[in-house]
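Please open the model in your viewer and keep the sequence beside it. The tour below goes from one selection to the next and says what is found at each stop.

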Amino acid sequence: MHAPHSQKPFDKTAAQDLDRGPDHIAPDCAGQNFYAIDRGLRDLLQLYLAPDDFRRLEPHFDRLGVLAGGRLDELARAADKHPPVLNPRDRFGRDEDWIDYHSSYREMEKIAFGDFQFHAMSHRAGTLGMDRPLPAVAKYALQYLFVQAEFGLMCPISVTDTSIHLVRKFASTELKDYLLPKMLSDDTATLWKGTQFMTERAGGSDVGAIETTARCEDGVWRLYGDKWFCSHVDADVALLLARPEGAPAGTKGLALFALPRRLKDGRRNAYRIVRLKDKLGTRSMASGEILLEGAVAYLVGDADRGLKQMMEQVNLSRLSHGVRASAMMRRCVNEAFVCARTRVAFGRTIIGFPLLRRQLLKIAVPTEQSLSMFLFTANAMDRANAGSRNSAPAATTFRWRPAPWKSAAATATSRNGCMRGWSAMPISACSGKAPATSTRSILSGARSARAAPTGPLRPR
Ligand SMILES: Cc1cc2nc3c(=O)[nH]c(=O)nc-3n(C[C@H](O)[C@H](O)[C@H](O)COP(=O)(O)OP(=O)(O)OC[C@H]3O[C@@H](n4cnc5c(N)ncnc54)[C@H](O)[C@@H]3O)c2cc1C
């Protein structure tokens with residue numbers, strides 16, 4: 001990483017100097033501590049977290065705030081410019097597919113899975129110095145800080161976390177014993193990361209149209225089919241839906257399976273990554289298509305409850321996506337404010353113009369709302385896990401206009417005036433990375449708050 005830091009100091013006394021060259025261009029908020037500058041987040045965390053938890057976790061919020069405004073931000077820029085590359089075969093022609101990632105992505109993985117252990121933090125004690133799993137409020141607050149720098153990697157982080165949830169909740173004891181020690185590991189060299197494969201060419205929203213079949217051959221389940229949109233495609237274990245032979249059509253006939261990338265003897269399982277998606281956003285992370293050619297898989301839970309079980313993972317993903325949308329809105333707001341306070345037009349910094357301040361408020365208010373909404377929802381989850389009966393329905397009473405992040409990104413981009421559309425600037429990068437999700441995701445997550453505990457598994 002040899003790129004110069006994007007930070008640049010701003011000298012107010014020189015603001016009127018017309019010969020300032022590149023100094024006419026406003027700085028961005030790289031280099032700032034994204035936790036320290038987020039008053040709403042700091043206040044709400046003190047409200048929702050128990051005082052002891054807040055005291056123990058605050059140094060980690062602060063540390064991640066510094067990373068998100070600094071090293072992570074630099075790494076994310078590099079990873080976006082150097083997307084993953086698929087190697088379908090080794091040099092001898094064997095179908096040993098693998099994906100090359102840029103060193104910046106690998107370094108971000110170490111921060112996420114090694115240092116912060118996002119994947120395990122709400123499933124076991126021992127992460128971030130805690131003697132028990134983290135509350136959902138803390139987990140999603142950390143995701144929010146992380147995503148202000150890097151969006152793409154949050155997909156593997158989140159699907160590993162939610163895959164662990166499914167395995168813990170629905171898998172047999174034998175399967176849990178096989179998978180969980182690997183999936184909850186704090187050693188990034190041996191950790192098994194998870195993912196979720198549902199979408200096929202026939203079945204996207206219409207999941208019941210899934211065509212992948214599962215055959216029980218000599219007591220072993222083998223999968224045959226074609227999965228069309230698989231994010232974190234080279235994960236070590238994928239939770240996926242397939243139809244056992246003879247099962248009814250539609251969603252009722254779908255079963256949930258765990259598909260390991262490698263078999264117990266170390267050989268590659270019988271599926272291939274045939275192509276990577278050339279995506280508009282989340283470019284640092286590999287999404288692809290896979291061909292299942294009799295791959296060994298393990299049945300998870302009841303064969304006739306596959307989709308119902310899988311929906312727990314989907315709903316947790318929705319909440320995480322809402323958090324990510326909120327994080328990008330925050331980044332846009334922060335960028336817009338830095339620019340507004342430093343960019344000079346007509347001889348004054350542009351924050352002096354009332355119409356511009358009005359625009360800033362139009363993005364700042366929904367951003368604060370989205371923060372408040374996801375923390376409220378996460379807190380409802382924590383309370384539901386602790387046995388409260390009325391926490392989730394309260395969260396569903398909110399209604400919001402869709403896709404406020406788009407409005408935040410568009411407004412923030414226009415605040416950057418001459419930088420508009422230039423992908424070197426963080427806001428353009430945010431627009432590109434942003435998912436087609438919004439506070440609608442938070443609402444969906446809220447609806448499922450009771451059904452989807454993230455804390456220690458409750459006896460059911
Ligand atoms: C970046 C990215 C990553 C992804 N990662 C994964 C992954 O990891 N695993 C995975 O399984 N999938 C993944 N997907 C696939 C994604 O979940 C599907 O795109 C999604 O389920 C929609 O399916 P579809 O694209 O086939 O759209 P369709 O189902 O064909 O829908 C097309 C349009 O019709 C609308 N529509 C469909 N049905 C209805 C209805 N009943 N009422 C009203 N409107 C309707 C939809 O809202 C949409 O606008 C990913 C997609 C993207 C873009």
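Which element gives the largest share of the shell around the ligand? That share, three residues, comes from strand β5, where helices (H or I, at least four residues) and strands (E, at least two) are DSSP runs numbered from the N terminus. Before you select anything, note that this is a predicted model, in which local features need pLDDT of at least 70, side-chain atom pairs count only at pLDDT 80 or more, and totals for chains, interfaces and linings use all residues. Residues are numbered from 1 along each chain as its sequence is written.

**The ligand shell**

Select the ligand and the 13 residues around it, of which Met-198, Thr-199, Gly-204, Ser-205 and Ser-231 come nearest; a residue counts as near if its C-beta atom, placed from the backbone, lies within 6 Å of the molecule. Two or more residues of this shell come from each of β3 (194-197) and β5 (220-231). Colouring the shell by residue type gives four nonpolar, seven polar and two charged residues, with Ala, Val, Leu, Ile, Met, Phe, Trp, Tyr, Cys and Pro taken as nonpolar, Asp, Glu, Lys and Arg as charged, and the others, Gly among them, as polar.

**Two loop residues**

Next select His-232, which is found in the loop between β5 and β6 (237-244) and has a positive phi of about 50° although it is not a glycine. Because His-232 has 25 C-beta neighbours inside 10 Å, this residue counts as buried; the term asks for 20 or more other C-beta atoms within 10 Å of a residue's own, while exposed means 12 or fewer and partly exposed lies in between, with C-beta atoms placed from the backbone.

Then move to Phe-346, in the loop between β10 (344-345) and β11 (348-349), where phi is also positive, near 55°. Phe-346 counts as exposed because 7 C-beta neighbours lie inside 10 Å.

**A covered helix**

Select residues 71-81, which form helix α3, and colour them by burial: eight of the eleven are buried, among them Leu-72, Leu-75 and Ala-79.

**The core**

Finally, select Ala-141, Leu-145, Leu-241, Phe-257 and Val-300, which touch the most other members of the largest nonpolar core, a set of 114 residues; such a core consists of buried Ala, Val, Leu, Ile, Met, Phe, Trp, Tyr and Cys residues joined through C-beta atoms within 7 Å. Helix α8 (residues 306-342) gives the most to this core, with 15 residues.
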